Amino acid sequence: MKSYLTAYHIVNAFGLSVYPFYRYKNAAYIENSPANNREYQILITVFVISLVKFFRSISWEEWIHNLFIYGKTASILLFIFQDYRFGIWYMIFCILVWIFLKIPHYQGPSKIQSIYSEDDLELEDPQSKVKLVLFYADWSDTCLFTERVWAGLSVKYTNEAVKFYCVDAGVFEKIASKYKVDTNPAARQLPTLLMLENGKETGRYPPLATSNAKSIIANYSERSIVKYLELDAKFYSTSAK
């Protein structure tokens, strides 16, 4: 719960509450306003979009982020229909929030170790038979939205023979290039979880499409990742030894 009590979440939640407060204070005027029908149309549209995004979101972080975006966009339109002056001021507020408040990183439990060079990846924990290397970039919203998923996997599956690492592909592009992880946003390869067994790649998620070397659009749920990479089998086989 603490991860949702950041300045980013509090200020954006305040932003969503501004129009409902304005409407409460001006209920009599708005009910008789010609723009009242527009209000219902906008609210229904936002509700439907938010519901669709809920089922398509990678994580709660992504859904909340989308809710803030669509909710504030709806508020801008609602203010403009009621009083364009409030709409302009509210738009300025939204722009300032977008500039100064970024999506916060996950701060919970994690057993992922950071890698800063190719040598680190080769020498870290030489006894570990399975290395799961996460390639990510700070500019990628998908990477931010899935941080909780990767951290949860690392806590669940790390043992003496299975280790998790992460590489900032935006900074260490040579390492990403060596393991054929394309940092171009159009390639849709970030984040990528690479599985190395005894130094050789035995799998990656999301998998690469065979035709154009681009990643298949992935479902970054924990269940999908575990199933595709057979992490349960890897964990129990290494734990038994």
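Which residues form a nonpolar patch on the surface, with about 1200 Å² of accessible area together? The legends below get to that, after a word on the model. This is a predicted model, with local features needing pLDDT of at least 70 and side-chain atom pairs pLDDT 80 or more, while totals for chains, interfaces and linings use all residues. Numbering runs from 1 along each chain as its sequence is written, and side-chain values use heavy atoms, leaving out hydrogens and water.

**View 1. A nonpolar patch on the surface.** The members are Ile80, Tyr84, Ile88, Trp89, Met91, Ile92, Ile95, Leu96, Trp98, Ile99 and Phe100. Patch residues have over 30% relative accessible area and no salt bridge, with nonpolar side chains (Val, Leu, Ile, Met, Phe, Trp, Tyr) joined within 5 Å; a salt bridge puts a Lys or Arg side-chain nitrogen within 4 Å of an Asp or Glu carboxyl oxygen. Areas are Shrake-Rupley values with a 1.4 Å probe, and for residues only the protein chains shown count as cover.

**View 2. Where the patch sits.** Helix H5 (residues 84-100) gives the largest share, ten residues, whereas Ile80 belongs to helix H4 (residues 60-82). Helices are DSSP runs of H or I, at least four residues, and strands are E runs of at least two, numbered from the N terminus. Ile80 is partly exposed, at 38% relative accessibility (buried is under 20%, exposed over 50%, partly exposed in between; 1.4 Å probe, protein chains only).

**View 3. Strand S3, covered on both faces.** Seven of the seven residues of S3 (residues 162-168) are buried, so the strand is largely enclosed by the rest of the structure. Val162, Phe164, Cys166 and Asp168 line up on one side, with Lys163, Tyr165 and Val167 on the other.

**View 4. The neighbours of S3.** S1 (residues 112-114) pairs with S3 in the parallel sense over three bridges (pairing takes at least two DSSP bridges), and Gln113 has Tyr165 as its bridge partner. S2 (residues 130-136) is also parallel to S3, over seven bridges, with Val130 opposite Val162.

Methods
Patch = residues over 30% accessible without salt bridge, like charges linked within 9 Å, V, L, I, M, F, W, Y side chains within 5 Å.
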